[in-house]
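Visitor: Hey, I'm new to this one. Could you walk me through it bit by bit?
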Amino acid sequence: MLKETGNHAHSVRDNAVSPRRFRRLAEPSVLPHGLRLFSARTAVYDGARLMVKLDTAKLKIRRFTALDQVRGLAVLMMICAHFGPGLYERAGLQGVVLDFLNFLGRIATPAFVLIFGITIAIIYVRKAQTDTAKARRTLLKRSGLVFFCSLAVALPETLDFILHPAEEDVGGWTYGILLRQYSVLSFYAVAIFITAFCIGHIARDPVRRGLVYGAALVFIGTYLGYDAWPEEAGTLIEIVRLLVVSGKYAVFVLLGCSWMMIAVGVFVVRKMAANEDYRQDLTVAAIVLTLLGLAAGRIVGWRSLYDLQNDYGAPPQIWYLLMIAGLMIASLVALDRFQIPFFSTLLELVGRSPLSFYIAHAFVLPSIDVMRIILPFLPDLVIIGTCMSLFMLYGAALLWRNYKLSGRSGFANPAPRLRAS
């Protein structure tokens with residue numbers, strides 16, 4: 001395919017290789033020895049750059065099922081964080097066991113934030129490399145969906161505030177209602193909206209731009225969150241401050257971390273497209289990030305597992321997010337390497353519908369409160385059992401739908417390595 005003169009290789013255009021034939025040769029299943037992805041639009045063959053457009057978005061790669069499984073694991077940890085404390089208290093758990101279970105629940109939200117960055121690389125960066133407008137429209141639609149879901153999830157607490165305003169609430173009705181819309185979903189709605197308008201620019205050089213812009217957001221958010229913006233409780237500016245820099249789900253720091261994780265997603269895409277193993281490199285990255293995060297956090301002041309699960313406050317702290325990034329990447333590698341019958345499949349099917357599971361679980365506790373008011377004569381155990389049963393039935397329906405869409409031959413079998421463009 002290449003004509004060489006001395007140590008120089010001429011462009012394939014000089015050898016009249018048709019684009020169709022090159023695309024066929026460039027597929028991972030027929031890549032010649034020595035051909036690896038060089039960037040989004042070029043390739044390298046034995047050190048010589050082929051001057052032919054080769055877009056990673058055009059290459060077909062298998063579905064990254066381990067990412068679905070990590071999402072599913074985060075969903076289960078999130079459910080444990082919200083439903084677990086009552087069970088732990090009834091079971092009499094305490095000490096290190098209780099601290100560990102609470103720690104697992106606490107890391108669910110930052111894990112989702114970091115997974116979001118890898119998803120941007122695997123799905124939206126690849127789309128933007130061929131059709132930026134389509135990628136932007138997809139992200140904007142997703143942002144709108146998440147925004148309306150955040151309003152729905154906040155509805156019970158909003159109605160409770162309207163019907164039973166507390167004397168200690170400051171700022172009036174407007175402030176009180178807006179404050180109750182603040183959640184992790186409000187972060188996602190804003191983060192996806194911002195990403196929609198930046199995806200075309202980031203996609204031109206996703207690794208470097210994702211890292212630089214992400215680090216800049218983390219710095220700005222951390223600086224403003226701690227020093228540059230005084231608290232003004234009860235005002236609308238405080239709502240903006242909470243959303244952008246100072247709250248638990250502050251957009252600047254969390255979105256910055258998500259954008260920095262784009263580099264991990266791009267690395268995985270390129271390795272998968274070249275049919276190369278990415279797990280060893282990701283394992284090293286996981287160890288480095290975890291140790292650096294723990295080391296920086298030690299300076300800040302954590303001393304025990306109780307501190308790790310209890311003292312992560314607002315605004316988001318970069319050392320904590322680095323640690324969670326390392327643990328999340330380690331989970332990604334472990335779930336990709338080891339397939340546990342039934343459990344791996346369960347995690348993957350749950351991870352294909354994280355938003356649906358989140359919304360459903362968010363209505364369980366409000367439903368219990370409503371049933372206690374409407375049906376006060378029913379035993380508490382019956383009310384809790386009814387609401388939990390409805391949640392489990394809905395979850396089972398979601399799992400069945402995802403199972404049918406996955407194309408499996410059996411629930412306990414590993415997912416087929418589908419190729420999806």
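Predicted model: local features only at pLDDT ≥ 70, side-chain atom pairs only at ≥ 80, totals over all residues.

Visitor: Where do aspartate 68 and arginine 71 sit in relation to each other along the helix?

Guide: They are three residues apart in helix H2, so about one helical turn separates aspartate 68 from arginine 71. In general, an α-helix has 3.6 residues a turn, so residues three or four places apart point the same way.

Visitor: Nice. How many salt bridges turn up in the whole structure?

Guide: Eight, when the whole structure is searched.

Visitor: Back to H2. Where does it bend?

Guide: At glycine 84, by about 60°. Helix H2 covers residues 65–91, and proline 85 follows the bend within four residues.

Visitor: And what follows H2?

Guide: Glycine 92 does, and its phi is positive, near 75°.

Visitor: OK, what about H2 and H16, how do their axes cross?

Guide: The axes of H2 and helix H16, residues 354–362, come within 10 Å and cross at roughly 10°. Angles under 35 degrees count as roughly parallel, so H2 and H16 are roughly parallel to each other.

Visitor: Which residues meet there?

Guide: From H2 you have Arg71, Val75, Met78, Ile79, His82 and Phe83, and they meet Pro354, Phe357, Tyr358 and His361 in H16. Sorted by class, that contact of H2 with H16 has seven nonpolar, two polar and one charged residues. Arg71 is also the arginine in the salt bridge with aspartate 68.

Visitor: Switching topic: are H4 and H14 roughly parallel or roughly perpendicular?

Guide: Roughly perpendicular to each other. Helix H4 (residues 108–128) and helix H14 (residues 318–337) have axes that come within 9 Å and cross at roughly 65°. The crossing of H4 past H14 is right-handed.

Visitor: Which residues does H4 bring to that contact, and which does H14?

Guide: H4 brings Pro110, Ala111, Leu114, Ile115 and Ile118, while H14 brings Tyr320, Leu321, Ile324, Ala325, Met328 and Leu332. By class, the contact of H4 with H14 has 11 nonpolar residues, with no polar and no charged ones.

Visitor: One last pair. At what angle do H5 and H6 cross?

Guide: Roughly 160°, with the axes of helix H5 (residues 132–163) and helix H6 (residues 172–179) coming within 9 Å. That makes H5 roughly antiparallel to H6. H5 passes H6 in a right-handed crossing.

Visitor: And what makes the contact between H5 and H6?

Guide: Thr158, Phe161 and Ile162 come from H5, and Gly172, Trp173, Gly176 and Ile177 come from H6. The classes there are four nonpolar, three polar and no charged residues.

Methods:
Residues numbered from 1 in each chain as written. Heavy atoms only, no water. Axes fitted to C-alpha atoms, helices over the stretch in contact; angles between N-to-C directions. Helix = DSSP H or I, 4+ residues; strand = E, 2+ residues; numbered from the N terminus. Parallel < 35°, antiparallel > 145°, perpendicular 65-115°, else oblique. Left-handed = near helix turned anticlockwise from the far one by under 90°. Contact = heavy atoms within 4.5 Å. Nonpolar A, V, L, I, M, F, W, Y, C, P; charged D, E, K, R; others polar. Bend = angle between axes of the 7 residues up to and from the residue. Salt bridge = Lys/Arg side-chain N within 4 Å of Asp/Glu carboxyl O.
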